[in-house]
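These are my notebook entries on a structure that is new to me. I record what I looked up, entry by entry.

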Amino acid sequence: MEVIIQKDAETAALLVARLIAKELHLKPHLVLGLATGRTMERAYRWLVKMHKECELDFSLCRTFNLDEYIGLAPANEHSYRHYMNEHLFNKVNIDLRNTQLPNGMAKDLDVECAHYEHLIADCGGIDVQLLGIGVAGHIGFNEPLSALRSRTRPKALTPITLTQNAPMFGGDMRKVPKRAITMGVGTILEAKRLLVLVTGPEKAEIVAKAVEGPITSMVSATALQLHPSCTVVVDEPAASKLEGQEYYRWVFSHEPEWREYREPLIT
């Protein structure tokens with residue numbers, strides 16, 4: 001695992017966008033795993049900017065989202081399909097037929113989950129998976145006690161997660177769907193590369209647990225430590241409780257692979 005500390009949320013999001021852009025340049029047929037939430041909006045804005053100003057090409061890219069609420073139709077303004085269309089898909093040259101999200105309206109959720117796994121496998125697996133970390137330590141909607149080898153499945157959401165997601169529903173936790181379909185921890189860990197973006201002081205404690213704490217199903221994000229190619233990008237507030245801050249900064253400042261990313265590009 002590599003941890004990169006950036007000065008603020010905007011710089012952190014830009015770095016993640018640059019890493020995704022480089023992967024797209026190297027492999028136009030990239031299979032990209034995507035995430036939702038307020039943290040990701042900055043990264044998607046940078047990707048849209050790169051598409052418009054630097055001709056970043058999404059035309060051959062295929063995407064799979066981590067999760068979707070159960071009971072929300074794709075056209076619902078609170079669905080993750082709507083979120084992705086608004087923040088990324090409708091603003092770049094991606095073929096919407098190549099963008100996949102779980103169907104939260106499926107009559108048989110187990111069949112839908114198995115189908116989603118098959119779609120990922122048919123594409124040869126996910127090349128790069130973008131992730132956030134929830135306050136409860138979840139990746140996707142893998143809430144506490146999610147098995148570390150779990151697959152795509154329906155999952156009940158915790159009150160902490162419902163509260164965290166309430167701002168997208170007008171601040172009313174009661175309006176947040178209580179269940180979602182999510183990629184499993186095992187599914188996520190099969191991606192060839194993981195990119196994790198976490199910002200804000202409210203995430204400092206859980207970032208420290210995820211990166212430096214013991215691996216436990218109570219904090220599904222700790223499973224990221226098992227992945228051979230995982231990059232965690234955080235801003236200064238989110239990094240404030242990391243014990244290894246000095247070492248992480250030294251690595252980023254000295255490793256040749258990060259040389260091109262050490263110079264800020266914000267304009």
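Entry 1. Terms and source.

I take contact to mean heavy atoms within 4.5 Å. I take helices (H or I, at least four residues) and strands (E, at least two) as DSSP runs, numbered from the N terminus. I note that this is a predicted model, in which local features need pLDDT of at least 70 and side-chain atom pairs count only at pLDDT 80 or more, while totals for chains, interfaces and linings use all residues. Residues are numbered from 1 along each chain as its sequence is written, and side-chain values use heavy atoms, with hydrogens and water left out.

Entry 2. Helix α4.

The 14 residues of α4, residues 109-122, should span 20 Å at 1.5 Å a residue, and the end C-alpha atoms are 20 Å apart, which agrees.

I then looked up burial, where buried means under 20% relative accessible area, exposed means over 50%, and partly exposed lies in between (1.4 Å probe, protein chains only). In α4 the buried residues are L109, E112, C113, Y116, E117 and I120. They cover an arc of only 140° around the axis, so they lie on the same side of α4. The arc is that of the directions from the helix axis to the C-beta atoms. The face turned away from this buried side carries the exposed residues D110, V111, H118, A121 and D122.

Against which elements do the buried residues of α4 pack? I find β3 (62-65), β5 (99-100), β7 (153-156), β8 (179-182) and α6 (185-189).

I checked both ends of α4. At its start, a side-chain oxygen of D108 comes to within 3.1 Å of the backbone nitrogen of D110. After α4 comes G124, with a positive phi near 85°.

Entry 3. N65.

N65 is buried, its relative accessible area being 0%. Leaving aside neighbours within four places in sequence, I list its contacts as L34, A35, T36, M84, F89, Q100, L101, P102, Y116 and M183. One of these, Y116, is also among the buried residues of α4.

Entry 4. Helix α2.

I counted 17 residues in α2, which reaches 24 Å from its first C-alpha to its last, close to the 24 Å expected at 1.5 Å a residue. The buried residues of α2 are T39, M40, E41, A43, Y44, W46, L47, V48, M50 and H51. They pack against α1 (9-26), β2 (31-34), α3 (80-87), β6 (128-131) and β9.

Phi of E55 is near 60°, a positive value in a residue other than glycine. E55 counts as exposed, at 68% relative accessibility.

I searched for pockets on a 1 Å grid over the protein atoms alone; a pocket is an open set of points where a 1.4 Å probe fits, with protein on both sides within 12 Å along at least five of seven lines, and lining residues have an atom within 4 Å of a point. Grid points are joined across faces, edges and corners, and a volume is the space filled by probe spheres set on the points.

The largest pocket holds about 500 Å³ of space. It is lined by 27 residues, of which T36, G37, R38, Q164 and K203 are the closest to its centre. Two or more lining residues come from each of α2 (38-54), α5 (159-165) and β9 (193-198). Which element gives the most to this lining? It is α2, with four residues.

Entry 5. The loop between β6 and β7.

I found H138 in this loop. Is H138 buried or exposed? H138 counts as buried, at 6% relative accessibility. The side chains of H138 and E143 are joined by a polar contact of 3.5 Å. A polar contact is a pair of N or O atoms within 3.5 Å; within protein, one must be able to donate a hydrogen and the other to accept it, and residues adjacent in sequence count only if both atoms are side-chain atoms. Not counting residues up to four places away in sequence, H138 touches G132, I133, E143, T161, Q164 and S220.

L145 is in the loop between β6 and β7 as well. L145 has a positive phi of about 75° although it is not a glycine, and it is exposed, with a relative accessible area of 60%.

Terms used
The expected span of a helix is 1.5 Å times one less than its number of residues.
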